[in-house]
Amino acid sequence: MLEMDISLKKRFEEAAAALKTRLEKKLDRDFLRKIIAERGAGSFLKCKEMDSDMLASIVEKGGIAGVDGSTNSKGGIFPYIITLQQALAKHAGSGQELMLSDAFSPLLFEEDLSEDDYRQHIKKNLSILEANAAILAVEEFKPAVLLIDGSLVRFKIETSSLWEKLKQKALDNGTILVGVVEGISTGIISSVLDDVMPQLSYRAMDWEVLFGLLEMGEVLEMAPDLFKEGLRTCFARFSLDPKPIGIDMPEEQYAFLNQIKDLLFALTPKNGRGIPLWLDIIDNKVRITDAMMEGLLNACLGEDYAEYILAKRSKRAI
Amino acid sequence: MQVAGITTPIEVFVASRERRFRINELLIIDDPNQGPLVGEVVDASSYNRFIPLSVEHAFSDAHVVESLKHLGYSIDEDEINIAKVKLMSETSFPVTTGSPVRLPGFGEVKSFLMRGLREDGLLLGEIKNTEETAKTMDRELKGLFYIYSAGKPKRTENVPFILDLKSFHQYPHIGIFGGSGSGKSFGMRVILEELMKHRIPTVVLDPHYEMDFSASQEGIPEDENFKRHFSRYQIGEHIGVEFLNLSKRDLLSLLSAVSPLSEAMSSAVEVLHRRGDTYLSFSSRLEDLAQALEIGRARIDSALRQGMEPQEMERFKKMKELLENYQNIPLPSVQGISWRLRRLQVSGLFSHDIKPVKEAMLQGKLAVVQGPIWLLQVFSTYLLSNIYRQRRDYKDGELRGQTPGDYFPPFVIATDEAHNFAPKGRDAAPKGIITEIAQEGRKYGVFLVLATQRPTLLDETVTAQLNTKIIFRTVRGSDIATIAEETDIKPEEARRLPYLPSGDAFVSSPLFGRTVAIRVRFPYTASPHTVNPIDEIKNRRLDSDEKLLSLISPHLPIYAASFARAVEDINRRSDEKYEVRTLKEALDALVEKGRLKRQPSPLGDIYIV
């Protein structure tokens with residue numbers, strides 16, 4: 001036992017060291033900022049909290065609305081699971097809400113799905129729900145700004161026809177679409193700065209490069225040719241949290257970035273995780289909790305059947 | 001509104017997004033299985049999940065809230081209100097979670113809010129937080145009186161709190177507890193006003209000289225005139241004790257009220273006081289005996305042998321006789337009794353009787369008896385025993401089927417500082433009679449209204465008999481403990497006691513079976529003591545300034561040299577007693593206040609307007 005523990009500890013230390021080395025190889029902050037600017041990869045912009053006059057003019061043009069989705073799967077081992085999804089659009093001025101939801105299970109599909117396929121389906125379906133909610137929000141609320149939790153790219157990837165529809169509707173109605181990405185998973189910067197970046201087994205992610213690089217209230221606007229998909233992206237830090245967030249906007253509406261960044265800065269709690277509060281509020285409303293899932297399962301399935309499919313894991317006593 | 005969380009048959013939580021709850025509010029829970037249930041809010045809280053208490057959370061950013069507000073979203077809308085509701089009666093099963101909850105109509109909760117008829121009750125105030133329910137109330141119950149709120153009187157919008165007079169037969173005594181400034185005196189005043197309205201004969205012992213009902217309260221359009229319904233008597237001035245009617249016990253308690261009697265003194269009074277004694281006969285007996293004891297038997301004998309004027313002879317004979325009868329009484333005892341008696345006499349106690357009080361009561365009036373507390377203690381002992389006996393004799397006679405004697409009505413005894421009249425753990429002259437009335441008064445229709453700021457100091461037997469308790473703000477822990485012990489007040493309410501606003505009170509009465517939170521109505525009449533002493537000083541100073549100005553004005557401008565003549569003139573024209581020095585000081589004070597000017601001149605200072 002003891003010997004094994006020692007070797008385990010050693011292996012763990014090795015793994016941790018890999019992470020640590022990666023961190024230590026991080027480039028100097030000032031150097032990075034300089035080189036990003038020099039190479040024309042992006043430019044740093046300062047934000048100013050939007051004042052009440054500007055806010056009032058946004059309200060005049062329709063105010064802001066937000067869209068967020070949530071998914072939760074419950075049950076036993078695949079395919080004995082039920083998935084519930086919701087997408088909520090909420091307008092800040094009127095408090096009006098639009099909720100779309102869907103429920104399904106692998107057992108509903110005619111052909112057998114692999115677990116990965118199912119996961120893919122969940123992802124795609126949520127995107128569809130959210131895109132539909134966003135389209136409805138644009139139609140119903142006609143907001144000046146529609147904040148969407150998550151990147152806009154995924155709409156384009158998962159459901160390009162709905163994305164086109166959403167974009168067209170937004171352009172027609174004069175609604176600015178803004179995707180707010182909490183977990184950045186792109187690697188644009190290191191791909192541009194490949195020669196100066198330290199050679200690592202995995203290319204550094206954007207969040208990794210930008211961690212602590214931006215000051216609070218600063219936006220890194222990426223060069224237009226770095227991100228093709230008809231979208232423009234930039235990174236921002238709106239709170240004390242050093243981890244940046246991403247902002248997506250359609251190419252056509254990119255000119256509004258200046259106002260949008262100030263708006264988002266004004267709406268983000270400075271001590272928080274850097275996400276506009278309005279999206280947090282919607283997230284809180286749309287979130288499908290485990291308790292809710294359990295309640296639904298018990299109610300619709302009956303407790304005996306629920307018992308039947310629930311995984312043993314979930315009944316662990318300790 | 002709906003029931004949330006885990007429920008019990010006694011207590012549930014009710015949550016609402018729109019409605020804020022208020023403590024003591026009544027709610028109706030429509031339990032699908034058990035029917036409508038009435039409950040009372042005992043604790044209320046609000047929660048906003050976006051504004052957590054914890055510092056780690058994201059929320060202290062006022063700017064963001066403000067920006068969102070500009071965009072039309074107010075964070076307050078996400079508030080959740082939670083009430084802890086205690087059911088009026090226990091249910092058989094726990095309340096169904098999710099049951100809808102609503103506000104009651106007056107009819108549904110009338111039995112919890114009102115007992116008896118409005119005409120037969122004392123209108124003490126309003127039941128707090130019942131505005132909504134009050135809207136569905138019968139018209140004749142609405143807006144019956146004024147409430148003092150936010151600095152001015154305003155007509156009540158709540159359900160009235162009515163103490164049924166007829167219930168006194170069952171629950172006869174009222175206790176009023178509360179610290180100074182808690183509204184206790186207002187509460188007492190309101191009760192007395194109500195008793196006057198119903199023409200209930202009442203004796204008020206008033207050590208504070210505040211029970212006058214002739215001045216109307218400012219700011220109330222309606223006027224209740226109580227002038228004809230009460231009389232004030234000062235002990236020694238208007239009323240007193242008839243010495244002839246004093247029993248030995250009465251006399252002992254009177255004397256001991258001046259200052260406690262020693263064992264020897266008490267037994268001396270026992271033997272010296274005879275039936276049919278007047279003040280004169282008793283006091284001269286004491287004096288003669290004192291003199292006799294001082295002179296001594298031998299000298300009296302020898303004086304008698306020498307022969308003297310017949311009158312003188314008579315006195316010496318009497319002294320001899322007294323000495324023979326009472327030779328064992330020590331001189332200091334006699335002297336002690338003698339000075340106590342003199343003090344009572346000087347207070348005027350023996351020059352009057354209690355007839356005026358009895359007459360007032362027979363007319364259904366409120367008789368206010370005023371005097372310093374020590375004298376009040378003594379006198380009340382005599383007065384209360386007397387009228388209580390009279391009522392008891394009448395009632396007992398009636399019960400026994402004998403031809404009843406003189407009629408004497410049922411009555412109420414009310415006093416503030418009750419712990420002085422029936423203190424715990426020590427003796428006081430009136431304690432016996434008050435305890436007796438507390439225990440037996442119900443039978444004879446004699447009721448007590450006792451107010452005190454120290455319930456802990458009130459005799460326990462008496463406290464236990466106070467069925468209805470009105471509890472105002474109380475700060476002392478020991479008093480709160482006493483109150484908690486003696487009433488059905490809930491721990492949540494006991495915790496609120498130190499923070500009750502002035503005029504708010506809890507009423508604990510077996511009639512309601514629960515504690516009712518009330519706000520005492522604004523009295524129609526004002527206490528004579530409501531002028532702020534600081535204002536009094538100010539006003540008085542202003543008055544005296546004006547007076548001096550008018551007296552000095554014929555002499556202005558005045559040189560210091562002519563002060564002597566001015567002083568003479570001023571003192572002659574007024575009752576002031578100025579001297580040159582004090583006049584100069586007074587004028588200098590006026591200069592400081594800018595009322596006069598002082599200029600230096602070759603002849604000394606000159607004062608001009």
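**View 1. Chain B as a whole, in a predicted model.** Among the contacts in chain B between residues at least 6 apart in sequence, 74% join residues at least 24 apart, where two residues are in contact if their C-beta atoms, placed from the backbone, lie within 7 Å. This is a predicted model, in which local features need pLDDT of at least 70 and side-chain atom pairs count only at pLDDT 80 or more, while totals for chains, interfaces and linings use all residues. Residues are numbered from 1 along each chain as its sequence is written, and chains are lettered from A and ligands numbered from 1 in the order in which they are written. The mean pLDDT of chain B, on the predictor's scale of confidence in each residue from 0 to 100, is 84, and 97% of its residues reach 70 or more. Chain B has 19 helices and 22 strands, these being DSSP runs numbered from the N terminus (helices: H or I, at least four residues; strands: E, at least two). Of its 609 residues, 39% count as buried, meaning that 20 or more other C-beta atoms lie within 10 Å of the residue's own, with C-beta atoms placed from the backbone.

**View 2. The contact between chain A and chain B.** The contact takes 24 residues from chain A and 15 residues from chain B. On the side of chain B that touches chain A, seven residues are nonpolar, five polar and three charged; here Ala, Val, Leu, Ile, Met, Phe, Trp, Tyr, Cys and Pro count as nonpolar, Asp, Glu, Lys and Arg as charged, and the others, Gly among them, as polar. For the complex, the predictor gives an ipTM of 0.75 and a pTM of 0.67.

**View 3. The largest nonpolar core.** A nonpolar core is a set of buried Ala, Val, Leu, Ile, Met, Phe, Trp, Tyr and Cys residues joined through C-beta atoms within 7 Å, and the largest one has 132 residues. Those with the most contacts inside this core are B:Val204, B:Val357, B:Ala367, B:Val369 and B:Phe379. Helix α12 of chain B, residues 373-399, gives the most to this core, with nine residues. Leaving aside neighbours within four places in sequence, the residues in contact with B:Ala367 include B:Val204, B:Tyr233, B:Val357 and B:Met361.

View 4. Strand β1 (residues 2-4) and strand β2 (residues 11-16) of chain B run antiparallel and are joined by three bridges; two strands pair if DSSP finds at least two bridges between them. B:Val3 has B:Val14 in β2(B) as its bridge partner, and B:Val14 also stands opposite B:Ala83 in β5(B). The hairpin of β1(B) and β2(B) has six residues between the strands, and in it B:Gly5 takes a positive phi near 75 degrees. Strand β5 (residues 79-87) of chain B pairs with β2(B) in the antiparallel sense over six bridges.

View 5. Three bridges join β21(B) to strand β22 (residues 606-608), and B:Gln599 has B:Ile606 as its bridge partner. Helix α19 (residues 580-592) of chain B has 13 residues, and just after this helix B:Gly594 takes a positive phi of about 85 degrees.

Definitions and conventions: Buried ≥ 20, exposed ≤ 12 C-beta atoms within 10 Å, placed from the backbone. Expected span 1.5 Å × (residues − 1).
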